[in-house]
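Please keep the sequence and the 3D view at hand.

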Amino acid sequence: MYRWWNEAAKINAMSAILSNRQNWDTNEFFESGREWLRQHFDWAASAGFSPEGTRALDFGCGMGRMANALAQYYGAVVGVDISDEMLRLARENNRVGNVQFVQALGPPIREPDESFNLVYSTIVIQHIAPPFNLEAIADLFRLCAPGGYVLLDAPSHKLRATDGEPGAGIFLAPFQMVFKQAESQGLELMALRNFPATATRHYQYLFHRLKRER
Ligand SMILES: C[S@@+](CC[C@H](N)C(=O)[O-])C[C@H]1O[C@@H](n2cnc3c(N)ncnc32)[C@H](O)[C@@H]1O
């Protein structure tokens, strides 16, 4: 994965991240991050989410498209990625002062337990093969602070047995296993949606860790 993403980043990083266009304009690419985040937060808000607290993590940050968007809402954003070439581009294109980019070759991410108010990831888990996809999710749950949220998406299952296999390099993380992991780590499911509406159920999850009673 490390080699694949590094090579892809050298050839055309923005199209490796968002493959619907081959010739991204950098400003439009970053603007798409702000628009995606606005849509994700609007949906999460309907389940009670609001961007509170200071620290956010963007897992699989790529060029920092979503990390830069998150920096509008949080005082300190950490973007982590497996690819040092993606991280080099993220630093080169960074537009804000409150984002830091760090390499993570695998779990655990070197951050203390329960240290982020928002743990965020989009279009990343789908690229991690089992059982590492669930290990990565478990590590993201570990990082969620009391009162904080985890907002992530991952493909879960084929809707019908007759549906084709997911595309090359796309791996499933069955929702039952995601729920079980969340429950064992003290997180509650707040909202779930099929996102986007594809034949393979690709869910976006919003989890919450309750504040502890004093
Ligand atoms: C499709 S891109 C998405 C980037 C970013 N989330 C966005 O939406 O702009 C997937 C990113 O996940 C990173 N990635 C893949 N496997 C990873 C892993 N095991 N740990 C951390 N990052 C990973 C890749 O290097 C790549 O930058």
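## Contacts of F59

F59 is in contact (heavy atoms within 4.5 Å) with V80, I109, Y120, S121, V124, I125, I128, A136 and L140, leaving aside its neighbours within four places in sequence. The model is predicted, so local features need pLDDT of at least 70 and side-chain atom pairs count only at pLDDT 80 or more, while totals for chains, interfaces and linings use all residues. Residues are numbered from 1 along each chain as its sequence is written, and side-chain values use heavy atoms, with hydrogens and water left out.

## Nonpolar cores

A nonpolar core is a set of buried Ala, Val, Leu, Ile, Met, Phe, Trp, Tyr and Cys residues joined through side-chain atoms within 4.5 Å. Buried means under 20% relative accessible area, exposed over 50%, and partly exposed in between, with a 1.4 Å probe and protein chains only. The largest core has 28 residues, and L57 and F59 touch the most other members. Two or more residues come from each of strand 1 (55–59), strand 2 (76–81), strand 4 (116–121), helix 5 (132–142), strand 5 (144–158), helix 6 (175–184) and strand 7 (200–208). Helix 5 gives the largest share, five residues. Helices (H or I, at least four residues) and strands (E, at least two) are DSSP runs numbered from the N terminus.

Another core, of 24 residues, lies apart from this one; W43, A90, F101 and Y120 are among its members.

## Largest pocket

A pocket is an open set of points on a 1 Å grid over the protein atoms alone, where a 1.4 Å probe fits, with protein on both sides within 12 Å along at least five of seven lines; lining residues have an atom within 4 Å of a point. The largest pocket holds about 980 Å³ of space. Its lining has 41 residues, of which W5, I123, V124, Q126 and H127 lie nearest the centre. Helix 1 (2–17), strand 1, helix 3 (65–70) and helix 5 each give two or more residues to the lining.

## N6 in helix 1

N6 lies in helix 1 and is buried at 7% relative accessible area. Not counting residues up to four places away in sequence, N6 touches S83, D84, E85 and M86.

## Cysteines

With a disulfide taken as a pair of cysteine sulfur atoms within 2.5 Å, the count is zero. For C61, the nearest cysteine sulfur is that of C144, 19 Å away. C61 is buried, with a relative accessible area of 5%, and C144 is buried at 0%.

Definitions and conventions
Points joined across faces, edges and corners; volume = space filled by probe spheres on them.
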